[in-house]
Amino acid sequence: MSESRITRRKVVTGTAMTAVGVPLLAACGSGDTGSSGDSGSGGSGPLVATSEVPVGGGVIVADRNLVATQPTEGTFKVFSSICTHRSCPVTKVAGGTIDCPCHGSRFSIEDGSVTQGPATSALEEVAFEVTDGEIVPS
């Protein structure tokens with residue numbers, strides 16, 4: 001007589017596969033075209049006024065997944081605000097670095113390079129223009 005048993009291993013494996021499979025299917029059907037023209041949900045308008053970006057610091061624009069910095073007076077930079085280590089959003093700009101709270105990675109406000117790991121890759125630099133005193137991604 002053949003007996004079909006549901007073992008703990010089968011339940012755990014099945015649950016893990018379902019948990020992995022559902023988000024993957026949802027991501028495939030999200031309608032996201034993968035275009036890089038808009039870095040977030042905030043649209044394509046101005047990111048931030050240059051007057052709001054402190055010299056030697058920066059401003060995180062969370063709804064656009066971007067961070068704007070001003071390493072020296074009149075020099076601006078824009079980077080992705082998504083940490084290259086585990087894709088956590090960075091949350092602070094202080095002391096010349098852009099800081100990720102998840103695992104302690106820090107990035108330079110000058111060029112996005114890693115100043116403290118565990119991240120090993122720089123933040124992605126984003127093209128922008130300064131127009132009428134505002135930073136606008138291009």
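Partly exposed denotes a relative accessible area between the buried limit of under 20% and the exposed limit of over 50%. By this criterion K92 is partly exposed, because its relative accessible area is 44%. The structure is a predicted model, and the values below were computed from it. K92 is found in strand β5. Apart from neighbours within four places in sequence, K92 is in contact with I60, T97, I98 and D99. The C-alpha atoms of K92 and G57 are 9.6 Å apart in space, with a sequence separation of 35 residues.

Three of the strands were examined as a sheet. An open sheet is formed by 3 strands in the order β2-β3-β4, and the pairing is antiparallel. β2 and β4 are the edge strands, each pairing on one side only. From one strand to the next, the twist averages 20°. The antiparallel pairing of β2 with strand β3 (residues 66-72) extends over 5 bridges. I60, a contact of K92, has V67 in β3 as its bridge partner.

V67 also belongs to the largest nonpolar core, which has 12 residues. A second, separate core has 11 residues, including V48, L66, F76 and I135. In soluble globular proteins, nonpolar side chains tend to be buried together.

T50 is found in the loop between β1 (48-49) and β2 (57-61). T50 counts as buried because its relative accessibility is 17%, the cut-off being under 20%. With neighbours within four places in sequence left aside, T50 is in contact with Q70, F76, V130, G133, E134 and I135. Two of these contacts, F76 and I135, are among the residues of the second core.

The search of the whole structure finds 1 disulfide. This disulfide joins C88 to C102, with an S to S distance of 2.1 Å. The link of C88 and C102 is left-handed, with -105° about the S-S bond. C88 lies in the loop between β4 (75-80) and β5 (92-94), and C102 in the loop between β6 (97-99) and β7 (106-108), so the pair ties together parts that are 14 residues apart in sequence. With a relative accessible area of 14%, C88 is buried, whereas C102, at 36%, is partly exposed.

C83 is in no disulfide, and the nearest cysteine sulfur, that of C100, is 3.9 Å away. The separation of 3.9 Å between the sulfur of C100 and that of C83 is too far for a bond, because a disulfide requires cysteine sulfur atoms within 2.5 Å. C83 is buried, with a relative accessible area of 2%, and C100 counts as buried at 6% relative accessibility.

Conventions
Residues are numbered from 1 along each chain as its sequence is written. This is a predicted model: local features need pLDDT of at least 70, side-chain atom pairs count only at pLDDT 80 or more; totals for chains, interfaces and linings use all residues. Side-chain values use heavy atoms; hydrogens and water are left out. Helices (H or I, at least four residues) and strands (E, at least two) are DSSP runs, numbered from the N terminus. Buried means under 20% relative accessible area, exposed over 50%, partly exposed in between (1.4 Å probe, protein chains only). Contact means heavy atoms within 4.5 Å. A nonpolar core is a set of buried Ala, Val, Leu, Ile, Met, Phe, Trp, Tyr and Cys residues joined through side-chain atoms within 4.5 Å. Two strands pair if DSSP finds at least two bridges between them. Axes are lines fitted to C-alpha atoms, for helices over the stretch in contact, and angles run from 0 to 180 degrees between N-to-C directions.
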